[in-house]
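Please consult the sequence and structure shown here alongside the text.

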2 protein chains.
Amino acid sequence: MDRLPKCEANYVPLTPVTFLKRASMVYGDRTSIIYAGVRFAWHQTYQRCRRLASALRSLNVGKNNVVSVLAPNVPAMYEMHFAVPMAGAVLNTINTRLDAKNIANILRHSEAKVFFIDYMFVPLARDALRLLMDDLQKSGSPEMSMPLVAVIDDIDSPTGVRLGELEYEQLVYQGNPGYVPEEINDEWDPIALNYTSGTTSAPKGVVYSHRGAYLSTLSLILGWEMKSEPVYLWSLPMFHCNGWTFTWGVAARGGTNVCIRNTTAEEMYKNMALHKVTHMCCAPIVFNILLEAKPQEHRHITNTVEILTGGAPPPAPLLEKIESLGFHVVHAYGLTEATGPALVCEWQKEWNKLPREEQSKRKARQGISILTLADVDVKDVKTMQSVPRDGKTMGEIVLRGSSIMMGYLKDEKTTSKAFDGGWFATGDVGVIHPDGYLEIKDRSKDVIISGGENISSVEVEAALYRHPSVVEASVVAMPHPKWGESPCAFVTLKKKSEKNHGNVKEEDIIQHCRKNLPHFMVPKKVQFMEDLPKTSTGKIQKFQLRALAKTFVISEDGNSSNNNSTQFNREQPRYYHQTQEQSLALSRL
Amino acid sequence: MDRLPKCEANYVPLTPVTFLKRASMVYGDRTSIIYAGVRFAWHQTYQRCRRLASALRSLNVGKNNVVSVLAPNVPAMYEMHFAVPMAGAVLNTINTRLDAKNIANILRHSEAKVFFIDYMFVPLARDALRLLMDDLQKSGSPEMSMPLVAVIDDIDSPTGVRLGELEYEQLVYQGNPGYVPEEINDEWDPIALNYTSGTTSAPKGVVYSHRGAYLSTLSLILGWEMKSEPVYLWSLPMFHCNGWTFTWGVAARGGTNVCIRNTTAEEMYKNMALHKVTHMCCAPIVFNILLEAKPQEHRHITNTVEILTGGAPPPAPLLEKIESLGFHVVHAYGLTEATGPALVCEWQKEWNKLPREEQSKRKARQGISILTLADVDVKDVKTMQSVPRDGKTMGEIVLRGSSIMMGYLKDEKTTSKAFDGGWFATGDVGVIHPDGYLEIKDRSKDVIISGGENISSVEVEAALYRHPSVVEASVVAMPHPKWGESPCAFVTLKKKSEKNHGNVKEEDIIQHCRKNLPHFMVPKKVQFMEDLPKTSTGKIQKFQLRALAKTFVISEDGNSSNNNSTQFNREQPRYYHQTQEQSLALSRL
């Protein structure tokens, strides 16, 4: 049996590019993309992608070259997910909320050969390119050159904004519709490069292979049970792990991509109603956008919209509210290094019999491994033994399998460290419940160790969120003379103008926590703030809060006092375009 | 980016064995198998498979060794789909309807190391083993030895029937529950060996890789849209391409396998009702079994049962009848060499608006490629060019991709011929409709060429089936002095005792065809028969009919006469056990 060799007929390298060709063959006339007044069918999308790929080849873009793009969820952004690998190159989607300095760093680190820029981000990109040029000149790197620049004008309402000489639609137009895509000879070839947001360290360039992208795509369709012909609303940025692989997945399912430029309540509701949206992904913060829609923005949803959400588990009352509007929420957990979601909280039929509150608890868990992950485990960090499946013992979540990244670009050391022992260590702390479902408790460095007990900051935060006046909450460790560490809460409150939300005091919050948490988990200090410090992707910067908490003095009897004002220097990046809702992603996704 | 190597954390060879481990971890307490009074949960199935695998290892079974099994759809048969590869070995499921000679040939050709035999087939197996021993002695093959023999007794009602010293449950009992499965180091390693039925030539041993089995499993779940927690009735023999991969697929989906020993109407209806079956696969002949159930055998179906069927498209009236009982039928096409179904007729929402008859036509097409096939095409045999997508121009169906077999065991020549030109040539003739859906017209050698026109025998048969008195029909080429060939029909009729089905004459059938077919396609001769000649898997032996048709004399004016009696020597194999419904598979599957 050893003598049966691979050949072209029985061994075709796995790549999501095949999904597009197949969609054009078997779903050719179905709508592939809707964006404002623009509509494409799958045979057109395939042709446009072939044209763009051929145009890229004629710009000398080829194997392992990086093509960067800074754009919202417009059709061009979708098409590039196929066209760039069809030219043999690697797609690098850049977080549009980064500042010019970060973008320049990414362009430099990735050695981007072409840089596509949506017209909206031309000012930001221009600054980034200037910084890059200065940088290259200063460092005297003759082997590196500036990327070619191409503007993506709005395809529905062209603006004429330009930077450099190339324009996306021109490239598509000039390309060869009969172009034969570059053969993927090895499914271990890279397809995408996504930079982490860098909450904990400098941004790292995460590389996905064709194989990993392909298998993750299948897994997520299966894990979410996305049926054929989905109408998918692009509320999740495609720059987040390639839209959690649904860029490729919608093609695999012969669905329709409903592209929107801004994730405002108005755009989302309008598109849902117009196109009978069936599926969308988003961070839980989008629930708030949907719930807080003004009456004129809101549209009634006639068919259930499936939502896949990641990151911090939405509190039960929020879940109930959003589902009462006609959404159905499935919770996931993932990270850039795992090509997006690695765990999905698959619903089990028998849970339908549970009381509502119990159902919410189940739903808020992060769930079970997607099918193409070979293994997920929770291990004691010291012994590297699996923790018992008791829903209590915390350990680090580790992953193995085809959905895990190839590694970090130009960073062998961090790569081999991340894969130490044959597992990818997530840095997240969780428990396994007796039924095999995982629940995240915290980032390992966010765990608070108080008198030898591990306290999950996420759990304390969940209790805080249950207080009716709390808008946002974040809990970190604060030095404690007796217990080593104790929890310190930072909280923003609803505006006093809102009914019943005036005059909430620290003691009220602490009382509320006493009712909802074991005593040792109750924050010893609650600090009210106007805003919490956040990264460019809207993640709370706990390191800033930790620095602040260190300045609080706690007496042994537990009373606290401030050394300092709670005002601090926020390193918020400048926003060049503010119409997109900020803070889209609370999650690590 | 080239420098990012594969490691244990990010590259795990694809194998369906991982589905079982995952099922035991995340669906551990869910029911995995139901068989009569026996019930297992997934954690038990995993443990039983580990035990059996370890027992096989202690019998010295290892990499690339073949383990053969002759059994109906009992729990042991299911478990072996995981346990055998977990020992590093290759599973060979043998068609239980073969005769002793064929089975002996398979055991010899595959060099089976262990031969598992369900107690029901002990007499047949004993004969096969005797033939094998004679054969080995005669040919003096000292390097080959007889396989170890193990009986699978009925797990629900043990009979005590034995052959040799080993027994399945004893092996499971003796095995080590903590056994660590053999690592699959290369996903291109073989997992299964399935012999073709040999309608056209000697049986060939088709080898599947772990990779192919894994990817086909995912594709078929997706193509059929099988949701999680299916309750799957084993009406399709697991020896048919490993149950069209649903042996592995039900584990991937955390479903329940409802095993039955016999596909009688009574067993099927009883189990459907008792366990709320949601899914089943079968050849269209099973529709007749279900429709012809006696009143005391029939049970009312409360939830829709999804049926995936393959082979000859069921005629529209049959489809309508079966669906009116609460079944929902999806049509597929495949072959052993493609790991089962390669095309699935995915339903498109817009077809719901079509008239009923038009819907039936759509449903009877073979459909579109499953997701992991890289390419499906219909090619002109002479020019190897793709035929136009007009639903008319016939060509040979060719396939490429991960679902295609590794090759034929010990048959390099036939293997390389099958893969000639980088495609797997199916030998089936079809058309592509403008919407990209394929429709099979015939086996290439069954096409009738009349006056230069290609006539699909399948199309003529479909017309014949529409006649109310026709039970079975088969159409082959008959020599014709003017047209070269013309269609000749062999027909079995309903019993005369049935109302309105007496006295049908050749002329009546020809008249019926004239109304339903173009003139040149109408059979020039209709021969009534008591039974049509069939292979052991119930496929009609057209070569016998062709031989018969050659004896018919046609005058230039088109009148025919028989040279011969229509009695012929049927090479029907002896059936050792007749309670299973014969002729399960009309299809090539």
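The model is predicted. In it, 71 residues of chain A are in contact with 71 residues of chain B. The size of an interface is often given as the accessible area lost when the parts come together. Between chain A and chain B, the buried area is about 6,200 Å², and carbon and sulfur atoms give 53% of that area. M1(A), L4(A) and L371(A) supply 13% of the area that chain A buries against chain B, more than any other three residues.

| Interaction between chain A and chain B | Count |
|---|---|
| Salt bridges | 8 salt bridges |
| Polar contacts (both residues at pLDDT 80 or more) | 30 residue pairs |

Helix 7 of chain A gives the largest share of the side of chain A that touches chain B, with 6 residues. By class, this side has 40 nonpolar, 12 polar and 19 charged residues. A salt bridge joins R22(A) and E346(B), with the closest N and O atoms 3.7 Å apart.

Beyond its sequence neighbours up to four places away, F246(A) touches residues including W224(A), W234(A) and L308(A).

V206(A) lies in strand 9 (residues 205-209) of chain A. V206(A) counts as buried because its relative accessibility is 0%, under the 20% cut-off. Outside four places in sequence, the contacts of V206(A) include A192(A), T336(A) and Y408(A). The C-alpha atoms of V206(A) and A338(A) are 9.4 Å apart, although 132 residues separate them along the chain.

How values were computed
Residues numbered from 1 in each chain as written. Chains lettered and ligands numbered in written order. Predicted model: local features only at pLDDT ≥ 70, side-chain atom pairs only at ≥ 80, totals over all residues. Heavy atoms only, no water. Helix = DSSP H or I, 4+ residues; strand = E, 2+ residues; numbered from the N terminus. Buried < 20%, exposed > 50% of the residue type's maximum accessible area, 1.4 Å probe, protein only. Contact = heavy atoms within 4.5 Å. Buried area = accessible area lost by both parts, 1.4 Å probe. Salt bridge = Lys/Arg side-chain N within 4 Å of Asp/Glu carboxyl O. Polar contact = N/O pair within 3.5 Å; in protein donor to acceptor, adjacent residues only side chain to side chain. Nonpolar A, V, L, I, M, F, W, Y, C, P; charged D, E, K, R; others polar.
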